[in-house]
Amino acid sequence: IMANACENHQKNNGYRPVNIAIVDRGGDLVLFRRQNNSFLLSIDIAISKANSSAGIPYSTRKIQEIVYGKDGKKGRVPGLAHSKSIVAFPGGLPIKTKSGFLLGAIGVSGATGDQDEQCAEAAISAISDHL
């Protein structure tokens, strides 16, 4: 359901093809889907975005703010930028129940960061009644 919703969002909005990775709360890959003509290097990025959001657990956009700062303020933990396991740009979102329990995360890569994040949001919205 989630991957289908993400793919439909990508097609309806006409941005570049994407890679979609969904991991459980421990970061184990549950689902991976690569759209035709998506960037090959985005395979690892999508998985890393999902792992980052499961491991921290914030959106990778929020991780970007923690690392690099926001609104002219310095990041709180700039050292995370040197970690090979942390992605600090948009496209990864934690999947949580309405009560806040972490189930896993989704990472999308291949379009712009904003589009990747919108695709991930569409995927989570598709299952929101079950959360």
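Colleague: How many bridges join strand 1 to strand 2, and do they run parallel or antiparallel?
Modeller: In this predicted model, strand 1 (residues 19–24) and strand 2 (residues 29–34) run antiparallel, joined by 5 bridges.

Colleague: Which residue is the bridge partner of asparagine 19?
Modeller: That's arginine 34, in strand 2.

Colleague: And what sits between the strands of that hairpin?
Modeller: There are 4 residues between the strands, and in this hairpin glycine 27 takes a positive phi near 85 degrees.

Colleague: Switching to pockets: what volume does the largest pocket have?
Modeller: About 160 Å³.

Colleague: Which strand gives the largest share of its lining?
Modeller: Strand 1 does, with 3 residues. Helix 1 (2–13), strand 1, strand 2 and strand 4 (102–109) each supply at least two lining residues. Among the residues lining the pocket are Ile22, Val23, Asp24, Val30 and Leu103.

Colleague: What classes of residue make up that lining?
Modeller: It has 9 nonpolar residues, 1 polar and 1 charged.

Colleague: New topic! How many disulfides does a search of the whole structure find?
Modeller: The search finds 1. Cysteine 6 and cysteine 119 form the disulfide, with their sulfur atoms 1.9 Å apart. The pair links distant parts of the chain, as cysteine 6 is in helix 1 and cysteine 119 is in helix 4 (residues 113–125), 113 residues apart.

Colleague: Are those two cysteines buried or exposed?
Modeller: Cysteine 6 and cysteine 119 are both buried.

Colleague: Last one: is the disulfide right-handed or left-handed, and why?
Modeller: The torsion about the S-S bond of cysteine 6 and cysteine 119 is about 115 degrees, so the disulfide is right-handed.

Conventions. Residues are numbered from 1 along each chain as its sequence is written. This is a predicted model: local features need pLDDT of at least 70, side-chain atom pairs count only at pLDDT 80 or more; totals for chains, interfaces and linings use all residues. Side-chain values use heavy atoms; hydrogens and water are left out. Two strands pair if DSSP finds at least two bridges between them. On a 1 Å grid over the protein atoms alone, a cavity is a set of points where a 1.4 Å probe fits but cannot get out, and a pocket is an open set with protein on both sides within 12 Å along at least five of seven lines; lining residues have an atom within 4 Å of a point. Grid points are joined across faces, edges and corners, and a volume is the space filled by probe spheres set on the points. Ala, Val, Leu, Ile, Met, Phe, Trp, Tyr, Cys and Pro count as nonpolar, Asp, Glu, Lys and Arg as charged, and the others, Gly among them, as polar. A disulfide is a pair of cysteine sulfur atoms within 2.5 Å. Buried means under 20% relative accessible area, exposed over 50%, partly exposed in between (1.4 Å probe, protein chains only).
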